[in-house]
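These are my notebook entries on a structure that I am reading for the first time. I set down what I looked up, entry by entry.

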Amino acid sequence: MGLFSFFKHKDTITEDAKNEADLELVAPVSGSIITLKEVPDLVISEKLMGDGVAIVPTDNKVVAPCSGVISRFIASNNAFAVRNNETGVEVYVTCGIGTNSFNGVGFTPKLHLGDTVAKGDIVFTVNFDEVNEQLESTVTSMIVINSSAKIARVISTSGEATAGVSAISWVILQTENEKSQD
């Protein structure tokens, strides 16, 4: 396969995902996209919570990847979930690895549990100077939670992303035939 056929193949997959998706998710933070397997956290890298993608952040704003309601907000202010009203899909976003003893210093919430959000709304900001010393990694993961809806698959892209702008993942729900076979 030549270089140009690789790019054509990636573009075809992305176009197919866009056309088939029940929900399109934008980047929760600006930066370089990596796979969940590359995240230095066993629960995330083994996809125990669900499938998705991660980003090595280059900006301090963390935004809602889709419209909906803030259905979870972690006390340390570094993680939240948005439940999309139309699909029932819940998307979990967590900024930072190694937060077991983390107290949330450096994370400033802009929204709270129960707030309605639009895709791209700022949920919290991060002061990386304050959190870098406390965390193992500042990788930000975006996970489509397994139990939130009848999910057939999640397709994600690679490359660079801009928070609230770049579509990076597409959620495809099970069809009625797939649901009845469960």
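Predicted model: local features only at pLDDT ≥ 70, side-chain atom pairs only at ≥ 80, totals over all residues.

Entry 1, strand β7. I looked up Cys95 and found that it stands opposite Thr140 in β11. Strands here are DSSP runs of E with at least two residues, helices are runs of H or I with at least four, and both are numbered from the N terminus. β7 and strand β11 (residues 137–145) pair in the antiparallel sense over six bridges; two strands pair if DSSP finds at least two bridges between them. Strand β6 (residues 79–83) also pairs with β7 in the antiparallel sense, over five bridges. In that pairing I noted Glu90 of β7 as the bridge partner of Arg83. The hairpin of β6 and β7 has six residues between the strands, and Gly88 there takes a positive phi near 80 degrees.

Residues are numbered from 1 along each chain as its sequence is written, and side-chain values use heavy atoms, with hydrogens and water left out. The pLDDT, the predictor's confidence in each residue from 0 to 100, averages 87 over the protein, and 85% of the residues score at least 70. Over residues 1–10 the pLDDT is below 50, and beyond near neighbours in sequence this stretch has three contacts in the model (contact means heavy atoms within 4.5 Å).

I took buried as under 20% relative accessible area, exposed as over 50%, and partly exposed as in between, with a 1.4 Å probe and protein chains only. How many residues of strand β7 (residues 90–97) are buried? I found eight of eight, and the strand is mostly covered. Cys95 is buried at a relative accessible area of 1%, and Cys66 counts as buried at 1% relative accessibility. I then searched for disulfides, pairs of cysteine sulfur atoms within 2.5 Å, and the structure holds zero.

Three strands form an open sheet in the order β1-β14-β12, with antiparallel pairing. β1 (23–26) and β12 (151–156) stand at the edges with a single partner strand each, so one side of each has no neighbour in the sheet. Neighbouring strands of this sheet are turned by 20 degrees against each other on average, direction ignored; the axes are lines fitted to C-alpha atoms, and angles run from 0 to 180 degrees between N-to-C directions. Four bridges join β1 to strand β14 (residues 167–173), and Leu23 stands opposite Val171 in β14.

I counted a side-chain nitrogen of Lys or Arg within 4 Å of a carboxyl oxygen of Asp or Glu as a salt bridge, and the count comes to five. Which parts does the pair of Arg153 and Glu20 tie together? Arg153 lies in strand β12 and Glu20 in helix α1 (residues 3–20), so the pair joins parts that are 133 residues apart in sequence. Their closest N and O atoms are 2.8 Å apart. Arg153 is partly exposed at 39%, as is Glu20 at 41%. Finally, I noted Arg72, Arg83 and Glu90 as linked in a network of salt bridges.
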